[in-house]
Amino acid sequence: MSVKLELSYDDRRIQFLNKEYGIIGFTDYIPKIWGEISKVNWYVNEEKFEKGEKTYIYTGSNRFGETKKLHQIVIKLWYGEEAIKAAYAKNYIVEHHNNCAFDCQISNLSFASNDLNLTKAHSFDKNQPKLLRQAAVNFYKDFETQQYQITIAFTGEYALVLGGKAICVDRIYFLYEDNFRIVYTDANRIIDELLEVGSINFKLLSYTKLSYEEAKFYIPKDEEKVEGIQFTTDEEGNNIMIIGKDAKGTIFFNSIPPNQDLYKKEGKNK
């Protein structure tokens, strides 16, 4: 049996929804993609979904030839028929970076060897969730520049040493050239090192450029007590979330998006 999905879109995303089952899938909205995807029906395997097994959004239509799964169709529409044929000829598959089968944004998809996909399933995909209360490590691919970024959002305090100076950082962004294996290897190394020793050996990473955001600290006013989770704004009007010591560990990030300016500064097509 199959669960049928309803389609909707805004200026950013195409969504695939079934409220009864709580299914939400999505991909990027551009008129060309919507024009193709909206012409067919989309489903999820009911039995697998209810058992909690990994399943994919798919169509029964022949509009896209033998290709039926949404993530495969998305990458075909973006990269072209010849690119996906060449990938399959090398025994490559379409990999979801974040292991979320319903997240079919183009930045979350890459061609990768089947062997590497299996390796990732037993390393990065298992260990990344274990680290979330300390740091969220994810990676993305920019279609326009064909470059990758690994992003890290720290929940606790993390010091980055640059030029002999320690800087407490909130986020780090690593830029990479178009090599999935290198990006995966570095992302996996970062997770392992943070889990095992709580630090990162930057000399062992293969990034081309690094960017970061310094952590912002809230200094309590006279006799002010900071408890729980509070919200305020800084001098520039930016929203700030303040977490008291009693609330630490209760809130954390699943992911942060890439730094788009990093692509623009270093992108091959810019």
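Guide: A disulfide is a pair of cysteine sulfur atoms within 2.5 Å. Keep that cut-off in hand. The model here is predicted.

Visitor: How many disulfides does the structure hold?

Guide: In general, a disulfide is a covalent bond between the sulfur atoms of two cysteines. This structure holds zero disulfides. Take C100: the nearest cysteine sulfur belongs to C104 and is 8.1 Å away. For C104, the nearest cysteine sulfur is that of C100, again 8.1 Å away. A disulfide needs sulfur atoms within 2.5 Å, so C100 is in no disulfide.

Visitor: Is C104 buried or exposed? And what of C100?

Guide: Buried means under 20% relative accessible area. C104 has 1% relative accessibility, so C104 counts as buried. C100 is at 32%, which makes C100 partly exposed.

Visitor: Next, the sheet. In what order do the four strands run?

Guide: The general idea comes before the case. Strands of a sheet pair through backbone hydrogen bonds, either parallel or antiparallel. Here the four strands form an open sheet, ordered β3-β2-β1-β4, with antiparallel pairing. Its edge strands are β3 (23-28) and β4 (42-45), and each of these pairs on one side only. From one strand to the next, the twist averages 30 degrees.

Visitor: How many bridges join β2 and β3?

Guide: Six bridges, in the antiparallel sense; β2 covers residues 13-18.

Visitor: Now a helix. How many residues of α3 are buried?

Guide: An α-helix has 3.6 residues a turn, so residues three or four places apart point the same way. Helix α3 is mostly covered, with eight of its ten residues buried. Among them are L70, I73, V74 and L77. H71, Q72 and K76 are also on the buried list. Just after α3, G80 has a positive phi of about 100 degrees.

Visitor: Why does K76 count as buried?

Guide: K76 lies in α3, residues 70-79. Its relative accessibility is 11%, so K76 counts as buried. Setting aside neighbours within four places in sequence, K76 is in contact with F64, T67, E81 and I84.

Visitor: Where is D142 found? Is D142 buried or exposed?

Guide: D142 is in strand β7, which spans residues 135-142. The relative accessible area of D142 is 15%, so D142 is buried. Beyond its neighbours within four places in sequence, D142 is in contact with Q147, Q260 and Y263.

Terms used: Residues numbered from 1 in each chain as written. Predicted model: local features only at pLDDT ≥ 70, side-chain atom pairs only at ≥ 80, totals over all residues. Heavy atoms only, no water. Helix = DSSP H or I, 4+ residues; strand = E, 2+ residues; numbered from the N terminus. Buried < 20%, exposed > 50% of the residue type's maximum accessible area, 1.4 Å probe, protein only. Contact = heavy atoms within 4.5 Å. Pairing = 2+ DSSP bridges. Axes fitted to C-alpha atoms, helices over the stretch in contact; angles between N-to-C directions.
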